[in-house]
Structures are given as structure tokens and as C-alpha cells.
Amino acid sequence: MLEQQVETLQKQLEELVAKLGSSSRNSSKPPSSDSPEQRAARPKRKGSGRPHGGQPGHPRHERALYPPEQVTRTEQYFPESTCACGGAVAVDWENPYRHQVTDIAPPPPPEVTEHQFYHGVCQSCGNQHHSQWPDWVPSGQMGAGVIAWIVVLAGQFRLSMRQTQLLLWEVWQVRFSTGAISKAQGKSIPWMGPLYRQVGEHVRGQAVCHADETRHYRGTNTYWLWALADNTVTYFMTHYSRGKAAADALLGSFTGYLVTDHFSGYGNVPPERRQLCWAHLIRHFRKMAGRCGGGGMVGKRLLLIACATVRTHHRWQQHPEGAARYRRRILRLRRSFQATLSLGEALDNCKRTRNQCKHLRKDEAMCWTFLKDTRIPLTNNRAERVIRPYVQWRKTSFASQSAQGDRFRPTVLTVLGTARQLGMDMATLMRYVCSQGLAHKPVAVRFPLGQVCTRKPLQMA
């Protein structure tokens, strides 16, 4: 009886120690959740000892001058016409030194259009006659430019409705209630629908994609925001579930290689098409390495192998001519990885490490899918980066309060995020979209996908 109590207390103590030692470096906790002591314990990069700023001999990076046609006003200054010796000074008219000063003019007042509709009465029969409302006249009080900026301020700059309300007044002296701003966001959802669906169809047809998910709140209820991204576009989706059904809805007809963490929600993806993120694995191995006894030894061994794998892969990316040597080293590391997992499965004194090794041993092939195709990366950093702006937005704004908010957030993040990645002007894009939507016309704007360049023109369907 006493031995059982001691064993129970020992397990509870191990669990408490594991919780106290959990941080963003050895678990899936976000860095913002680390305590001040854990933040101070993060490894810091060793300084180079050189002073801050540009180093001697580095290539100069100067601000490019505006071309002459974009210069608003030109002021010219000339030297004295005569020299101190009495000679005339010949001015070099061809090569003046150009110094440009950029300023921002006060914004123009809002453009207010008043539509007056008259009615009349027939002098013979007394029938009432009313003027017709043109299709291109908005039924609300906001034009395309106002709605476009409301969408951009929310989706790109992550402003709350009250912050958007304040900025519209401070910059343009336009005042609308938060309810009107929310209604404008709701109007934009179907208008952005064709672009949203275009991105979804495009990303599901790519050879390699990254997927991740994070919490999304509607009031006090927990939903989930899912992200599917490649190197050019990002597609978001909200769902009430974090299970396999939600992952299947996100992936749709996707048949390429998928890079994810070890979350079981992606279990319907065939193992031969799934790559596990080595950054997540390293965090788990680091936590295993902090344990005592055989479990800690196995964790340290796995951590060394994982770091060596990432380092070997980076060296090959820098020097791709050594492909044969790279493959020999990776296969050698894989054999050591398998042997260490087998050693962890045989542990008797560390149940947690033994179970983790069994679980990873079952999915060991998914750690090395990158050997099949050179386009497959080792980490899921791409998905982590695209989902981070939403996490920041979630922290600085109120939760979604309705199904409209659940639709607006993934739609605007997808459309504006893709426009930014493609180098497009987001405000101009949204003005085109809102103009066609307010005029009750089909939205004909499309993304020029597959043609990455800066400041892309809009494509009309």
C-alpha cells in the first residue's frame, strides 16, 4: 500500500516538474506565454563584436530618387556668376546635384455625392410618379473607397472597429458608427468570394503545401482557423472543429506533399505524402532531453540527430553539387534515428519517453519524406509565419460575435494576404472589387497567379 502511494506521488511530482519546465523551446506553447525567467534563459546569439550599422566596405544602399515626372515642384539654385578672381562662372546644366524632400499633404476632404430623387403627380388622373433608382447608386452611405479602406484596415493592419472608426475620422473626417463599419465588412464578404475561391482552388493544386491551425473565438466559444499555404498564396478557413473532418475540408482535392506538425487531425493524408516538421520534433526532443535517467539520454541522442539532420540539409542547400554525399549522410542519420527510437521503446523506467518513441516510430517514415522531392522543406515555418498575423489580430481585437465575423476574417486574410504576397496594391484591388459589388455587377477581378512580380496589374475575368 505504501509503495503504491509513493509511486503515485512520484508520478504526480514528475508531471508537475514537466509542467513547470515547459516553455516555447520544448513544447508547442507560444513564445508570448513564457515567464520572464524562461525568456531570460533563451539562448542568445553570440555577438560579432562589430559596431552596429553598415560595415566598412559594404555595398551602399541609397534611397532611389523619384523620376522627374513624379516630382511635384522643382527649386533650382545657382552658384555666383563671377569667381573671386574676376572670371565668369560657367554653369554645368547637365549634371545638377539632386536632393529630394518628400512630404505628405493634408488629405483632401471626402467626396460627397448627393443623389436627389424627385416625384410628380399626374395633372389628369392624380397618379404618383417617382424617379428610378439607378443600379450603380449604392443603397448605403458608403462608397467603394470607404468600404475598401475599412476592409484593408481590418485585414491588413489588424485594427479593431473602434480604431478603424477613429482613423477614418482623423484622416478623412468621415464619421460612421461601429455598426455601419461592421455592416460594410459584411457587404464585402460575397464580393471577395471569387478571389477567395480562386486562391483555394489554386493552392490545392500545388505540389507542396503547408498547413496549420490556431484558435478562433466567437464570443466565449472556441472555433479554429485553419491555414493552407505554399510559397505564393495562403488560404484560410474557419471551422467549429479541430478534427479530421475540418482538415479534410481545408485540403479538399489536394494531392501533393503536405508539411505539418505531428497533429493527428491530418491523419487522413497518406503517410507517403506527409512531411513532419523538424522544428516541432526538435522542441519535443529538447523536452525529452530534460528528463532524468534513460529517458533523458534517449532525448539527448534524438536531439543531436535532429540538429545534425537540419544542419546537413542546410549545407546541401548551400552546396547542391554534393548531392551524393548529402544522401549518404542523411541515410546514416536516419539509421541512427531508427536505432535510438528502438532504444527508447525498450525503456522500463520512463513510460512517457517510451510512449513518445512508440508513437514516433509508427510515423517515422513521415520524418524523411523530404528525401523524395527536393522541393519539400524540413520545417513548417511557412504556415507558422502566415498564421502569426491572425494571432496578433486576435490578441488586439474582440472575438468574433457572429457567423459574419467567422466568414469575414478568413476571407479578408486570404484575399489581402495573397495580394501582398503577389506585390499588388491592396487598396486599389479592394476599390475595384467594392466598385463592382456596389454596382451589382459580377466581380471580374482575378489574381494573376503564377506570375510573381511587383505591383501586378489587375486581371478581369
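Guide: Start with the salt bridge: a side-chain nitrogen of Lys or Arg within 4 Å of a carboxyl oxygen of Asp or Glu. This is a predicted model, where local features need pLDDT of at least 70, side-chain atom pairs count only at pLDDT 80 or more, and totals for chains, interfaces and linings use all residues. Residues are numbered from 1 along each chain as its sequence is written, and side-chain values use heavy atoms, with hydrogens and water left out.

Visitor: What makes E75 and R73 a salt bridge?

Guide: Their side chains meet at 3.3 Å, N to O. The cut-off is 4 Å, so the pair qualifies. The whole structure holds six salt bridges.

Visitor: Why is R73 called exposed, and E75 partly exposed?

Guide: Buried means under 20% relative accessible area, exposed over 50%, and partly exposed in between (1.4 Å probe, protein chains only). R73 has 65%, so it is exposed. E75 has 49%, so it falls in the partly exposed class.

Visitor: How do you know that D406 forms a salt bridge with R218?

Guide: Their closest N and O atoms are 2.5 Å apart. The pair links distant parts of the chain: D406 lies in helix 12 (residues 403-421) and R218 in strand 3 (residues 208-218), 188 residues apart. Helices (H or I, at least four residues) and strands (E, at least two) are DSSP runs, numbered from the N terminus.

Visitor: Is D406 buried or exposed?

Guide: D406 has a relative accessible area of 6%, so it is buried. R218, at 25%, counts as partly exposed.

Visitor: What about D373 and R375, which also meet in a salt bridge?

Guide: The N to O distance is 2.8 Å. D373 is buried at 12%. R375 is exposed at 54%.

Visitor: Why is helix 3 said to be largely enclosed?

Guide: Because 10 of its 12 residues are buried. Among them are I147, V151 and L153.

Visitor: What makes R328 part of a positive patch?

Guide: Lys and Arg count as positive, Asp and Glu as negative; His and the chain ends are not counted. A patch takes residues with over 30% relative accessible area and no salt bridge; like charges are joined within 9 Å, nonpolar side chains (Val, Leu, Ile, Met, Phe, Trp, Tyr) within 5 Å. R328 belongs to such a patch with R311, R315, R325, R329, R332 and R335. R328 sits in helix 9.

Visitor: Which helix gives the most to the positive patch?

Guide: Helix 9, with five residues. Helix 8 (293-318) and helix 9 (323-345) each supply at least two.

Conventions
Accessible areas come from the Shrake-Rupley method with a 1.4 Å probe; for residues, only the protein chains shown count as cover. The place of a charge is taken as NZ of Lys, CZ of Arg, CG of Asp or CD of Glu.
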